[in-house]
Amino acid sequence: MSGEGLTVRDLRVTFDGFKAVDGVDLDIRPGDLRFLIGPNGAGKTTLVDAVTGLVKATGSVRFGDEELLGRPVHRIARLGIGRTFQTATVFEELTVLQNLDIAAGAGRGPLTMLRRRKSVPEAVTKALETTGLTDLRDRPAGVLAHGQKQWLEIGMLLVQDVKLLLLDEPVAGMSHDEREATGALLQRVSEDHTVVVIEHDMDFMRSFARSVTVLHAGQVLSEGTVAEVQADAKVQEVYLGRASEPEPIAASLPVPEEA
Amino acid sequence: MTTTTTTPAPVSPPPVSRPARFKVPGAFLLGAVLLLGVAPLALSDFRLNLLAKYLCYAIVAVGVSLAWGRGGLLVLGQGVFFGLGGYAMAMHLKLADAAATGQTLPDFMQLYGTGDTLPWWWQPFANPLFALAMTVLLPMAVAALLGFLVFRRRVKGAYFAILSQALAAALSIWLVGQQATTGGTNGLTDIQGFFGYDLNDPVNQRMVYFVIAAVLLLLMAAARQLFVSRYGELLIAVRDSEERVRFLGYDPANVKLVAYVVAAGMAGLAGALFVPAVGIISPALIGIVPSIGFVIGAAVGGRASLVGAVLGAIAVAWAQSTLSDAFPAAWTYLQGLLFVLAVGFLPGGLASLGAVLRRRRPRNRTTATGETA
């Protein structure tokens, strides 16, 4: 995994005096599968909004050598940073294939745009396979099940050729099986991408996270492997509410690298 | 749903469904035969001339279908572009008429004008090529400027509609105020010739009809290409979720700008062709009410469907000239009612009636939705 990591320094976002993100430092290395957790209002989504240019922020967000703050949304996207939203937003009237094709096409010239799609781009075929949506490719995205829409969104990020995926609660509202499938998908994706997942679901986090950052009240409370974070007394206090019993799942987690 | 037992091929075929490949050229051919063959034979000179006028509205509707139906831009000010195209054409024809009788000034300027020199901005329109180019380029330039300012600021929805409507009002008010140079309320009237052809000759009127019908067919083919192109898919994506498109690395403002500018060019061309067909262009033909009229036809017929929008525009224009003669006061209300009904209860217009009825009968649904792409 070559490429750029995400470096956040002293990031601050203020809404009418309320400090939603209050001096966050964050380092995400290429190839990481990082989970951002924290109670409601901890600033997780706002952090992602700031990185992707949706809200104004101060401080510094660097992706490789590029400073992101101050750039318009579509320029940040073209640097290879893609995101999803809490509610899946796919183009409901377009087919799965058309959705992916649009995601693949941000660099297309005018002549290509004015022509009909003659063949399926290789990246799209690959993303259909990765997300398991090949059989549904000619269905309108609006008829997909909730989980399938999330997978389509992840597929759209893959064909967009992003290097960094920022996923906002990708398994919210999913069934158990869909969660497992999504987790497996994220692990596959993280083999050649950097993935950041905002998540509320602790079981999901324990099963799939490679590293974890805990946010609380707009600040980084703790950071490390799942086991380290769970052992942190501050985290237990604010997030888990109480000292929790040792987690057998966490202990058996493969930990590829130190965070 | 068809169950295919063959293993999925690694190289996928193009996703164009087979029936569509023959249906569309077939429908196009049928339209061409009706417009260029049947109508001129079946209709009297008078009726054919009316149809020519309706087809001009249909040309505007092609652009409305692109910008509003596919792009979600409620273009309530197409009268501006129709007017710019119409005036550009009429200015040239008035100058040509004047030159034919040895005058330097158009008739109305001799009556109301302040001097005996042509205003500087009239002068280039004596050149037919310049005037022809301006009928399309001028509306497109104005649309590009307006669109650039508006879309970049992310003005959308009702605000965009009101803004474009205000522009239509502004232009027609300005024209009324400039009686000496634009003919004021009367507009540019009594146009005699069309590039050397006498418009009072029915044969030449028929020729104008053929030109209009051919332009309509060509623009429909061009719009159809835009609809099925990757740009057309992207335009729908922008309409349905602009923010998402931005996160894919596109600037939605540019995508909308293209649709808006193309629609403006079409409206301009329609206005230019309207002038020889009807013999007049005036502020009353391009203000707020006609601007709303331009979208009503598309709304009733089906704004997202090219054929629906075109047929809707022709039908509403026909109803207007028929009913407004019989009930001049009631027509405006009826027009408003049509618009509200279409947008509120049948957003896809009459073109979607079949699909809506099918959805009401859930029995047939599973068989019907199999192969629609």
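What covers the buried residues of α3(A)? The cover includes α5 (122-131) and α6 (146-159) of chain A, together with α9 (230-240) of chain B. Keep in mind that this is a predicted model.

**Helix α3 of chain A**

- The buried residues here are A:Val96, A:Leu97, A:Gln98, A:Asn99, A:Leu100, A:Asp101, A:Ile102 and A:Ala103.

**Where the chains meet**

- On the chain A side, 34 residues are in contact with 22 residues of chain B.
- α2 (73-78), β6, α3 and α4 (110-114) of chain A each put at least two residues into the side that touches chain B.
- Helix α3(A) turns up again here, with the largest share of that side at 5 residues.
- By class, the side of chain A that touches chain B splits into 11 nonpolar, 12 polar and 11 charged residues.

**The α5/α6 pair in chain A**

- The axes of α5(A) and α6(A) come within 9 Å and cross at roughly 145 degrees, and the crossing is right-handed.
- From α5(A), the contact uses A:Ala123, A:Val124, A:Ala127, A:Leu128, A:Thr130 and A:Thr131.
- Helix α6(A) answers with A:Trp151, A:Leu152, A:Ile154, A:Gly155, A:Leu158 and A:Val159.
- Sorted by class, the contact of α5(A) with α6(A) has 9 nonpolar residues, 3 polar ones and no charged ones.

- A:Val189 sits in helix α7 (residues 176-189) of chain A.
- Why does A:Val189 count as buried? It has 21 C-beta neighbours inside 10 Å, and the cut-off for buried is 20 or more.
- Setting aside neighbours within four places in sequence, A:Val189 is in contact with A:Ile154, A:Leu158, A:Leu165 and A:Val195.
- Among those partners, A:Ile154 and A:Leu158 also take part in the contact between α5(A) and α6(A).
- Going back along the sequence, A:Arg179 is 10 residues from A:Val189, and the two C-alpha atoms are 15 Å apart.

**The six-stranded sheet of chain A**

- Chain A has an open sheet of 6 strands with mixed pairing, in the order β6-β7-β8-β3-β9-β10.
- β6 (81-83) and β10 (219-224) are the edge strands, each pairing on one side only.
- On average, neighbouring strands of this sheet are turned by 20 degrees against each other, ignoring direction.
- Inside the sheet, β7 (residues 164-168) and β8 (residues 194-198) of chain A run parallel and are joined by 5 bridges.
- One of the facing pairs puts A:Leu164 opposite A:Thr194 of β8(A).
- Helix α1 (residues 44-51) of chain A lies across β3 (33-37), β6, β7, β8 and β9 (211-216), at about 145 degrees to β7(A).

**β1, β4 and β5 of chain A**

- β1 (residues 6-15) and β4 (residues 58-63) of chain A pair antiparallel over 5 bridges, with A:Ser60 of β4(A) as the bridge partner of A:Arg9.
- β4(A) also runs antiparallel to β5 (residues 66-67) of chain A, joined by 2 bridges.
- In that pairing, A:Arg62 stands opposite A:Glu67 of β5(A).
- The hairpin of β4(A) and β5(A) has 2 residues between its strands, and A:Gly64 takes a positive phi near 65 degrees.

**Chain B**

- Chain B's secondary structure amounts to 16 helices and 2 strands.
- For its 373 residues, a compact globule would have a radius of gyration near 21 Å, so the 22 Å of chain B agrees.
- The C-alpha trace of chain B spans about 80 × 50 × 45 Å along its principal axes, and 43% of the 373 residues count as buried.
- Of the contacts in chain B with a separation of 6 or more, 79% link residues 24 or more positions apart.
- Helices α3 (residues 78-100) and α6 (residues 157-177) of chain B cross at roughly 35 degrees, with their axes coming within 7 Å.
- B:Gly79, B:Val80 and B:Gly83 of α3(B) meet B:Leu167, B:Ala168 and B:Leu171 of α6(B), a set of 4 nonpolar, 2 polar and no charged residues.

Technical notes
Residues numbered from 1 in each chain as written. Chains lettered and ligands numbered in written order. Predicted model: local features only at pLDDT ≥ 70, side-chain atom pairs only at ≥ 80, totals over all residues. Buried ≥ 20, exposed ≤ 12 C-beta atoms within 10 Å, placed from the backbone. Helix = DSSP H or I, 4+ residues; strand = E, 2+ residues; numbered from the N terminus. Contact = placed C-beta atoms within 7 Å. Rg over C-alpha atoms; globule rule 2.2 N^0.38 Å. Pairing = 2+ DSSP bridges. Axes fitted to C-alpha atoms, helices over the stretch in contact; angles between N-to-C directions. Nonpolar A, V, L, I, M, F, W, Y, C, P; charged D, E, K, R; others polar. Left-handed = near helix turned anticlockwise from the far one by under 90°.
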